[in-house]
Amino acid sequence: MSTTINFTIDGKAVSAQKGETILQVARRNDIYIPTMCYISKTSPCASCRICSVEAEGVDGFILSCNTPPTEGINIKTNSAELEQERVNIMKLYDVNHPLECGVCDKSGECDLQNKTLEFGVAQQNFSAKDQLRTVKDWGLINYDPALCIMCEKCVHVCNEVIGDDAIEVKFGGYSSTIIPKESETLDCTFCGECIAVCPVGALVSSDFKYSANAWELSRVPSTCAHCSAGCPLEYETRHSGINGDDSIYRVKNNFEFTSLCGAGRFGFDFNNTERSTSEDFQKALEALKSAKAIRFSSMITNEEAHILQRLKEKLDLKLFNEDARLYASFMNSYASVSGKLHYSGSLDAIKQADAAIVIGTRIATDNPGVRYALTTASKHNGAKIVYAHPMEDALMQNTVTQFMKYEVGTEEGVMALIANELLKNKELPKEIRKYFNELDLGYLEAESNVGDDELTLMTKSFARAQNKVLIIGADIFAHKRASNIAKLAAIIEKYTDFSLVVVPNEVNTLGVSLVCDLDVDEDLSNVVGYNAHGEFIISSLDGADLSVGALNQQEGTVVSIDNRVLPLNVALPFDGYTLNDIASAFDIKTKHTIDYTKELDSSKGFKSIAFDDLENFLSPYGDDERGYILDEVVCPVDETLEEVAELPEYNGTVVYHANPVLQFNRYTAKTKQLEKDTTLRGSAQFAAAAKIADGDEIKIHLRSGVVKRTFKLDEELKGTIALNPTFDILVDMSGYRFEKSKIVRVV
Amino acid sequence: MSKVYFSTWNGESINNIGKPEEEWEESAYNLPAQYDDHRDSRAFIGWDGVALFSEDVDVIRLAMEYAAQYQEYSEACGRCAPGRWGGRILYDVLDKIARGEGEKADLDHLKEIGKSMQVTSKCEIGKTVPNPILDLMNHFEDTFIECINEKKKSKHYDETIGYIAKITAPCTDACPAHVDIPGYIEGVRDLRFDDSLEATRQTMPLAHVCGRVCPHPCEDACRRTNLDEPVSIMSLKRLGADWETDHGFDFFHPLEKKPSIGKKIAVIGAGPAGLTTAYYTAAEGIEVDVYEELPVLGGEVTVGVPEYRMPWDKYEKDIECVKDMGVNFITNRKITADDMRQFEKDYDAVMVATGTRISKKVRCENERPEIKGYWGAIDFLDWVNLYEKFDIRTPKSVQKQQMLKQDFVDLTGKTVVCVGGGFTSMDVVRCAIRANAKKVYMVYRRDEKTIIRNTTYEEYHEAVEEGVEFLFHSAVNKITTDKKDVLKELLIDKFELVPDPNGGRAQLVKIEGASYTIKADYLIPAVSQSADLDLLPEEWDIEMTSWATIKTNGKDYMTSRKGIFASGDCEYGPMTIVNAVGQAKRAASVISRYVQTGEITLTDEEIMEDHLRKLKVYDKKEKITGWLPGLPREHSAVLDVDDRKDNNKEVALGLTQEQAISEAERCMRCYYIAMVQA
């Protein structure tokens, strides 16, 4: 049976794939059909009715956004009758719409304004009694029901793409409105996606409100610098005050096809405002001359990493970055089995999936991009999602179909069990089959607490799945047995139809892991910190000995979770020293940092493309045309798996280093709008075990030192593991994310 | 037929204006001229036109109130631009005219907005609301003009008049449980599966069950049939239920449990009717004790419907949902007449929902229950299902009587003959296949077409695939046993359908000389079931129907004894799950008022529901506009025959998400609003 449907639109022969609607085909063929409520990434809202078209031989109008074509049908997108009804609908939208365009945030980029003009609605006869409707203050978000046209886009994205499902339509005819779902006020992760998709000024950023007009702002396309999802965004800048310096007013994104979390949307003001003197610069050079090592974070570009690597070679320094080193080491083990350096999956693969296993990550907060992709898979494909972790996450309940709880530290055992289950009926090389045959499943199940029935349920729920993906997170990289876990993951990817995604911890963990040759961090003296701690600190964060620009103040590239090399652009200028200036002083000379873009290591998959030649846009059809995807790198194969080590036990009070929503690191920590919850959050059970109560001031003894926090009782949590944020401190958190810890109440 | 003064219903044009009442022409439709026992209707207005039963109707206000009701009550409204603003404009402009402030141009505006709504609204409700309003403006133009010209109020503008409105849809109307089908399908379409499930649970607590094993009478009333094929309504119900279960959510109850009102009721039987009664009465704050004779809950759906059709782990969720509403269940407790006498004193009301659990005879020669190998369908299915679902073993007595070598039903090497033609018989033969019978026959008096109509296309074809041999136009004439009274042979008669020369119903006539015998080990009668009503005290003298079920008026489900209610199969006779649910839902509503007031009443909503059911919402001749025809119905995949016939794996896999979404997009949201002026 052919899956292609041939038909015509306005006389043009077109064809649809099964599942495509008339509107989708029209757009793909550059045929214009007006819409007010349609958004590509969700199911059709079907509320505006403007996209109605005519079909030959069919009485009445047909809605193009939710109707697939039939073979041979002739569609007409315009006629006097259609035009008449579209005009009438626009008239209806304009009934009692407040005439406050002069102060409305949306003015100038408002769909209602645009379409009212497009359809020439200059006057009308329709009228209805107006109603008093008050503006709702929902924290970072404001909702004005009087401006709302009830297109329902916000409700659709919140539920289908984000997964918060925090708002809904309150039905009531003319007085219909958007309300927080089952809550007095908005209780959500504040991604702000509802603001982005709102075609009018109904949903706006409370911070941006009344601060600037759309047409006054300059747009700088870039890539979000908070996590590794690599979301495209645009910084919108303008001078602040009269003749003031430029500042970022807001962030926008191409919401039609992509999403942003709240950190990306509201956490834009992490630019460095500190300036250093030439003496500071000299001191930095001195510090480097006597330094034994440079310690740095993954919050840097590939080009900066490249410079650091050059400095290492030139000055015979060590390079410390545990985050990237552990990631690199994990990927090298992976490569030894898979025979290639890069994993096969991507955010897109997750979105397309109908089965997924997530292991070793609190993914909703670790990487919202992955969470959104999982939400899409869950809602649109009915994906069965297994979430293997010692802690449940309430944010994921909407998405996850099976919570596979395992004991802290037993990740290797769990991975072996999962691999064994997935590979059951697969053809395997003898040695590998033997390896699995010899696994002591009883021991692994008993120690990890993952039962046979859970594995069987997983297999059963995946029975009809076509597109499967395995997602591995940061808990694993610093695990003692990371190397064998990586190999097991590679075996799954190689011998099943699962694709694999290994979620990098930070913005450019992946890039740094490829660019730099990293050393094991030792407790040396004479370490220069680059966006990290050391005796002399060069940083884009506050309190540096030498200040440099942050990621929204420089050009360069990062490598995202999709193995995609993405450009960053200068949203705000940084008038100060750069790493390149330092390198130049050591005779590693080039004019601009981005001159190194084309010199990035091709043996790791980088292409020799100059920065200025990198594209940075999404096509009108949603194709990602940003940067490039790393070339595959072939590696020598050795499929030898290690025996699963004895599974460790973690008793007593355990803390898990995991950030609250919208917080990732010290950059998000310094932004104005994002909430900064630095409490240790634990369940009642944890509180009882640690002998602490809600609101207590506590000291947590960790391997990297003592941290002072307030304890917060969190009703959503269970068990004896508490969540310890890391975004606000500079201590090294790149070890295994679970820690047995001593907690003392400060009296 | 109803007596009307004026009617435009379904295109009819009856105008008795000016005629004396005895000369009035009658409407061809069952319009609700009498609202209830003590109220006449003055007017009826709905999607398909308007009917006036009296001369003294304020037609302007009628139109205005109809527009108002659309604004007020419509669940559908607010979901599209034309409906949301259009509805309000209709109301405002009609009100303006009715209060004497109208202008001529307003009539044009009404027509224009009415037309826009008709052609662009999202749901039928928005498309059809203007119909009767425009009818009234057309036929009573003078009345409108008069108000406008003389700037006067319409004739009853300031009076208090009762207007009663009701939302319906053809599918909802045809569903015995009146499930808000467009609502739950919209939930699927919007990927809001909690909303979908809550829409279902408003009137149907057994979402898993009726998303799987419902014979879906709704699909016979799906307007999409007029365009191409009916929407796969039943399968879409499963999505919400599966979503809740898959994600381990707490139960999504569509209604919040009210605080205790200090009343309690007993429900006899924990089948679909019992569960439904319990769910909705418990929600009203009534304490509910459910008594169940079997060791397990769920009634025939548990012990009758096999695992491969209705997996227990899913039905269990439906039952847990009922429990979650706060219901007490007492199992292993057979209720006697003495219990009932006591219950009448202890409880404020009693619901009898005991079903029909006695297998009727096939009526052949030598038919005796003591024959070894003669096995009633209900008993047979009990032991199959109790073993398969709960590992409850078949007791020695049954093993002996039915010659089982083990403590479960294993039919290896045996030939099984089932007489039936309905769902129960299908369950019997397919269970027999799974119990490894050598040969399975289904003996049925009528033909293939009829068996499909009585069950489903899928059910019949799956049985054939699995190896059941259907003997159509056949009946068992005689049972032959051996000396030990073990069943050995059956004499089968053949029949043919002889058309009635007078055009009446064709008659089945035996073909002489065509009879033959088949060797068989078991004869399982599954022709029908009757109710065991020994629990009803004789002295209560409860009125029965002619087919030996408990009699009620089919509206409030109270028996002839005050406070004793009956619903489900013991009231109706063996029927569908959804029928039992529908009856019990209504009864629960009646009971919740009865225990407080001692009165038997129906709500306006229920009265309207019955009126519309009588009028029939679905019109199979209606021509559909505004939808592209030719989009095929999605079918749920089924397990391959070799993967299913020797086990109890669920056969119907359900729609994939992609299929479900595209199926949901085929739904035309045929909500309608009707209103009576009483």
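Tutor: The contact draws 42 residues from chain B and 46 residues from chain A, two residues being in contact if their C-beta atoms, placed from the backbone, lie within 7 Å. The model is predicted, so local features need pLDDT of at least 70 and side-chain atom pairs count only at pLDDT 80 or more, while totals for chains, interfaces and linings use all residues. Residues are numbered from 1 along each chain as its sequence is written, with chains lettered from A and ligands numbered from 1 in the order in which they are written.

On the side of chain B that touches chain A, the elements giving two or more residues are helix 2 (81-98), helix 3 (104-120) and helix 25 (657-666) of chain B. Helix 2 of chain B gives the most, with nine residues. By class, this side of chain B has 15 nonpolar, 15 polar and twelve charged residues; Ala, Val, Leu, Ile, Met, Phe, Trp, Tyr, Cys and Pro count as nonpolar, Asp, Glu, Lys and Arg as charged, and the others, Gly among them, as polar.

These helices belong to a chain B with 25 helices and 27 strands, which are DSSP runs numbered from the N terminus (helices: H or I, at least four residues; strands: E, at least two). The C-alpha atoms of chain B fill a box of roughly 100 × 55 × 55 Å along the principal axes. Of the contacts in chain B with a separation of 6 or more, 72% join residues 24 or more positions apart.
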